[in-house]
Amino acid sequence: MKLQGRSALVIGGAAGLGRAAAEACAQDGGKVMIADVDETGGVAVVAALRAQGGEAQFVRCDVTDEASTKAAVDATVKAFGKLDILVNSAGFRNDEAPGDWHSIVDLHLKGPYYACRHALPEMEKAGGGAIINIASVSGVTGGVATNADETAYSCSKHAVIGLTRTLALTYAKKNIRVNAVCPGYIRTAGTRRLHEAPDGGRELISETLRVPMNRWGEPHEIGKVVAFLASDDASFITGQPIIVDGGFMAR
């Protein structure tokens, strides 16, 4: 119960990696506020966490809207008395249009910035905290894009790592740690079209990408890293992009 007595705001917690992070934090004793535009999914996650003995609530949050994001921070403080942990994990679901350059940057860069901007003063009041931004291996390496809009995802994830490092340096003496998790190919709704191929995505992983561990990652493998970074076990880790990719970037 390494997060006992701590409160976490998980933006994008209704599904995928955000849900996995929320589950891991709750399993370690944290109180969790699920923030998402998906009310149905968010309420379902809260019910599941409560059924497992966790303490959780839901607040609707559109992270591309600064006022909505601030309201989610305020709701967390009101519900739990303080804010100790922020997880930024909002992203497009597989069944949504991917959007243009501006909408992608709004979601993946401006959103985390808004959340950090309003969470940091609350963490200072609490005497410290931990921020974990979900970036991507696309944030530490380049990739081939077929059009200009496709560059937005990688560019925004690179920028999230820059935001992470800048805030880590700025708030290091205030007992606030800021890190990024960079997932590789994880089996989520966002990658469904890849891992639900006739071969289960085996050719992509084994032959095209040649992932050394020769398998897809699972959401809980990201969630556990998030919970670790939120805990005192990571007390001397800040400003780092933690790559979790089955060895893919080791080549």
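Tyr185, Trp216 and Phe248 form one aromatic cluster in this predicted model. The structure holds three aromatic pairs, among them an edge-to-face pair of Tyr185 with Trp216 and another edge-to-face pair of Tyr185 with Phe248.

**The aromatic cluster**

- The ring centres of Tyr185 and Trp216 lie 6.1 Å apart with their planes at 75°, so this pair is classed as edge-to-face.
- Because Tyr185 sits in the loop between β6 (176–183) and α6 (192–195), and Trp216 in the loop between α7 (202–208) and α8 (219–230), their pairing ties together parts that are 31 residues apart in sequence.
- Tyr185 counts as partly exposed, with 30% relative accessibility, whereas Trp216, at 4% relative accessibility, counts as buried.
- Tyr185 and Phe248 are likewise 6.1 Å apart from centre to centre, with 85° between the planes, and this pair links the loop between β6 and α6 to the segment after β7 (241–244), across 63 residues.

**The chain as a whole**

- The secondary structure comes to eight helices and seven strands, and the radius of gyration of 17 Å is close to the 18 Å given by the globule rule for 251 residues, so the chain is as compact as a globular protein of that length.
- The C-alpha trace spans about 50 × 40 × 35 Å along its principal axes.
- Among contacts between residues at least 6 apart in sequence, 71% join residues at least 24 apart.

**Burial, surface and charge**

- Of the 251 residues, 46% count as buried, while the chain exposes about 11700 Å², of which carbon and sulfur atoms supply 52%.
- The chain has 26 positive and 28 negative charges, whose mean positions are 6 Å apart.

Methods:
Residues numbered from 1 in each chain as written. Predicted model: local features only at pLDDT ≥ 70, side-chain atom pairs only at ≥ 80, totals over all residues. Heavy atoms only, no water. Helix = DSSP H or I, 4+ residues; strand = E, 2+ residues; numbered from the N terminus. Rg over C-alpha atoms; globule rule 2.2 N^0.38 Å. Buried < 20%, exposed > 50% of the residue type's maximum accessible area, 1.4 Å probe, protein only. Contact = heavy atoms within 4.5 Å. Areas by Shrake-Rupley, 256 points an atom, 1.4 Å probe, with all protein chains shown as cover. Lys, Arg positive; Asp, Glu negative; His and termini not counted. Charge placed at Lys NZ, Arg CZ, Asp CG, Glu CD. Phe/Tyr/Trp six-rings, centres within 6.5 Å; stacked < 30°, edge-to-face > 60°.
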